[in-house]
Amino acid sequence: MLPTQAEYYCFLVVVFFAFWLARRNRAASMWVVLAANFLFYSHWGLLYLVLIPACATVDFFLARAIAVRRGRNLVWLSVAMNLGLIATSRYVPGLGALLPLSLSFYAFQALTYTLEIYREEADPSASFVDYLASVTFFPTVIAGPIARVPALIPQWRWKGSALSPGLSQEDGGRALGLIAIGLLKKFLIADYLANNLINRVFDLPKLYGGGDVLVAVYAYAFQLYYDFSGYSDIAIGSALLLGIRLPENFNDPYRAINLADFWRRWHISFSNWLRDNLYYSLPGKRTKVMPYLSLVITMALGGVWHGAHWTFLIWGFWHGTGLAVVRWWQKGKVRPSRPGMSWSRLGAGLLTFHFVLVGWVFFRAASVDNALQILRRIASLQWIPEGVSPAYFAVLAFAAAAHFIPNTWRDQSLGWFAARPALLQAAALVLTTLAIRYASGAGTAAPFIYSRF
């Protein structure tokens, strides 16, 4: 059940009405959420109905013990169990058919609970149902955002609480607007860019000239952004329909002026998780070398999380080394940022974007040899595209321009949409759906890229 499928939205509508009808009874509404979560998991396989509750229950009681004893061994047990879930669901031969849904995002989310309690940044939940509903929350399961469980649990409080006053008309409209934007990003930009050039070029780069390959590499940067941020918009919108606010996952990453800035804007929930739970945990921070080496180690492990392939390891080392260089360059040279655009900022932004672009080649390539073929075709300096249609250039140009639209415009548009009557919002969603169906054809939508991680 993917957010590109109609059944997901039928499911979401049923959950929405069931949740708000049961809202006057706190216990009943929490059981609705819990039932929805496990119904979502069961769509992927009945084994999840045993595996997830068992692991979540272990974490719940481990966290209570950690709060009392502060035992490091108990934390390591939680870490080993959740990382074991990732390894089991992705790398054990023969389990792919039984566990088609990767448990990476569940495991990272679950670890926020035990790790924050160990660091005394949160207290154990008094309610097992609240905890279980939060750690298994269905909008975050496929591809995040990675929510902090201790931040989710208080949001289930009802009307009269300052934390959760209920679903306002503004939040409801904003939620629907985010879902519509996510669908448009996925179908009209990401899938179009992938199906009409990127997939063919990366599969058989030797058949294409350097210009076509170069366009495909630029296009992949935007395909990946619109695919992943599109899912994040849908997930955030789905959660908001239930009164839950998930963390933002993207903030115009290609506007970054250095690599550290990029990682403050790209997959924010994951980069924060790596920083808080891995980078800060590595030893030797007071030495001269270790802070730089820790960046390389952290990003290399982040690369391996994406897959046990050399391409992902190289991608991680590429970014880790780049971050270390940025840290060294900035040491002792930190100055207040100046508002507005300057030639130096523009140059730094272009350099950062192209550094990221080289990394995306390895991230997308099926093998190191495939990535090197792509780079060799670009290095031929034959950059005149031969097989790229004007329509493709138009979509790519629109994707690039839309990425650089000021955030205030986006927020104002969502605010305007949220203020419209519900009937007008419904009509807009129907028209959006029809436009997507017409533009994308009758073909099946490609899975979200990060759903396989």
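**Salt bridges and burial**

Arg 119 is partly exposed, with a relative accessible area of 31%; buried means under 20%, exposed over 50%, and partly exposed in between (1.4 Å probe, protein chains only). The model is predicted: local features need pLDDT of at least 70, side-chain atom pairs count only at pLDDT 80 or more, and totals for chains, interfaces and linings use all residues. Residues are numbered from 1 along each chain as its sequence is written, and side-chain values use heavy atoms, leaving out hydrogens and water.

**Pairs**

- Arg 119 and Glu 121 form a salt bridge through their side chains, at 3.2 Å from N to O; the term denotes a side-chain nitrogen of Lys or Arg within 4 Å of a carboxyl oxygen of Asp or Glu.
- Lys 185 is joined to Asp 233 by a salt bridge whose closest N and O atoms are 2.8 Å apart.
- This pair links distant parts of the chain, 48 residues apart, with Lys 185 in helix H8 (residues 169-203) and Asp 233 in helix H9 (residues 210-240); helices (H or I, at least four residues) are DSSP runs, numbered from the N terminus.
- Lys 185 is buried at 11% relative accessible area, and Asp 233 is buried at 5%.

**A further pair and the total**

- Arg 255 and Asp 252 form a salt bridge, with their closest N and O atoms 3.1 Å apart.
- Arg 255 is partly exposed at 33% relative accessibility, whereas Asp 252 is buried at 7%.
- The whole structure contains 13 salt bridges.

How values were computed: Helix = DSSP H or I, 4+ residues; strand = E, 2+ residues; numbered from the N terminus.
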